[in-house]
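Me: I am new to this structure and would like to go through it step by step. Could you show it to me before I start asking?

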Amino acid sequence: MRQLAAEQGRTLRFGIRLHVIVRETTAEAWEAAEQLIKYLDDDTIAAAQKALSRADSEGQRRMQQLHNGGRDALEISPNLWAGVGLVRGGAGTALVGDPDTVAERMLEYASLGIDTFILSGYPHLEEAYRVAELLFPKLPVDVVLPPPSRQMSPVGEVIANERIPTSAS
């Protein structure tokens, strides 16, 4: 695909959307994953799967194929868990593990050409803190600053990617 794009004078970038469940230990991470679906009964899962099956989305169809509406084989690849997709549409897979393991999996994706990661977790705020504190230090993150005209100012973020506020008022 990249070669075809280059022939047209274009470049392609690839990204992935995942949930993250990271804890100090892998056992704690898997326990947290199980807690997310602990109270789902089979009827609730079946009703959610029925509703999700009506979506006209190839991605949703593939998501459902990962688990087939069952709990018995939710780890679909090392440290990749499809439990969220039992009852949620869209992104339904999560990287699960300790910081070193999750970082290793992300680097594997990067080696395959993924350059953008869109991450989330449950509960949102608490998982964001865990990712920032436990996972980010394990990743080779390069900070790329925008051109000087688009950098943040001491009074806040750039407005609409163009205008830098000049005062705090």
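Me: Which residues form a nonpolar patch on the surface?
Reply: Met 1, Leu 4, Leu 12 and Phe 14 form that patch, and together they have about 390 Å² of accessible area. This is a predicted model.

Me: Where is Leu 4 placed?
Reply: Leu 4 belongs to helix α1, which covers residues 2-7.

Me: On the prediction itself, what is the mean pLDDT of the protein?
Reply: The mean pLDDT is 85, and 83% of the residues reach 70 or more.

Me: Where is confidence lowest, and where is it highest?
Reply: The lowest confidence is in helix α4 (residues 58-67), with a mean of 83. Strand β4 (residues 94-97) has the highest, at 97. Where pLDDT is low, the predicted coordinates should not be read in detail.

Me: Back to α4. At what angle do α3 and α4 pack?
Reply: Helix α3 (residues 42-53) and α4 pack at about 150°, and their axes are 10 Å apart.

Me: Are they roughly parallel or antiparallel to each other?
Reply: Angles over 145 degrees count as roughly antiparallel, and α3 and α4 are therefore roughly antiparallel to each other.

Me: And is the crossing left-handed or right-handed?
Reply: The crossing of α3 and α4 is left-handed.

Me: New topic: how many salt bridges are found in the whole structure?
Reply: The search finds 8 salt bridges. One of them joins the side chains of Arg 13 and Asp 115, at 3.5 Å from N to O.

Me: Which parts of the chain does that pair link?
Reply: The pair links distant parts, 102 residues apart. Arg 13 is in the loop between α1 and β1 (14-22), whereas Asp 115 is in strand β5 (residues 114-120).

Me: Which residues does a cis peptide bond join?
Reply: The cis bond joins Tyr 122 and Pro 123, with omega about -20°. Pro 123 is in the loop between β5 and α6 (124-135).

Me: Lastly, what is phi of Asn 79?
Reply: Phi of Asn 79 is near 65°, a positive value in a residue other than glycine. Asn 79 sits in the loop between β2 (75-77) and β3 (80-81).

Terms used:
Residues are numbered from 1 along each chain as its sequence is written. This is a predicted model: local features need pLDDT of at least 70, side-chain atom pairs count only at pLDDT 80 or more; totals for chains, interfaces and linings use all residues. Side-chain values use heavy atoms; hydrogens and water are left out. Patches are made of residues with over 30% relative accessible area and no salt bridge: like charges are joined within 9 Å, nonpolar side chains (Val, Leu, Ile, Met, Phe, Trp, Tyr) within 5 Å. Accessible areas come from the Shrake-Rupley method with a 1.4 Å probe; for residues, only the protein chains shown count as cover. A salt bridge is a side-chain nitrogen of Lys or Arg within 4 Å of a carboxyl oxygen of Asp or Glu. Helices (H or I, at least four residues) and strands (E, at least two) are DSSP runs, numbered from the N terminus. pLDDT is the predictor's confidence in each residue, from 0 to 100. Axes are lines fitted to C-alpha atoms, for helices over the stretch in contact, and angles run from 0 to 180 degrees between N-to-C directions. Angles under 35 degrees count as roughly parallel, over 145 as roughly antiparallel, 65 to 115 as roughly perpendicular and the rest as oblique. A crossing is left-handed if the near helix is turned anticlockwise from the far one by less than a right angle, and right-handed if clockwise.
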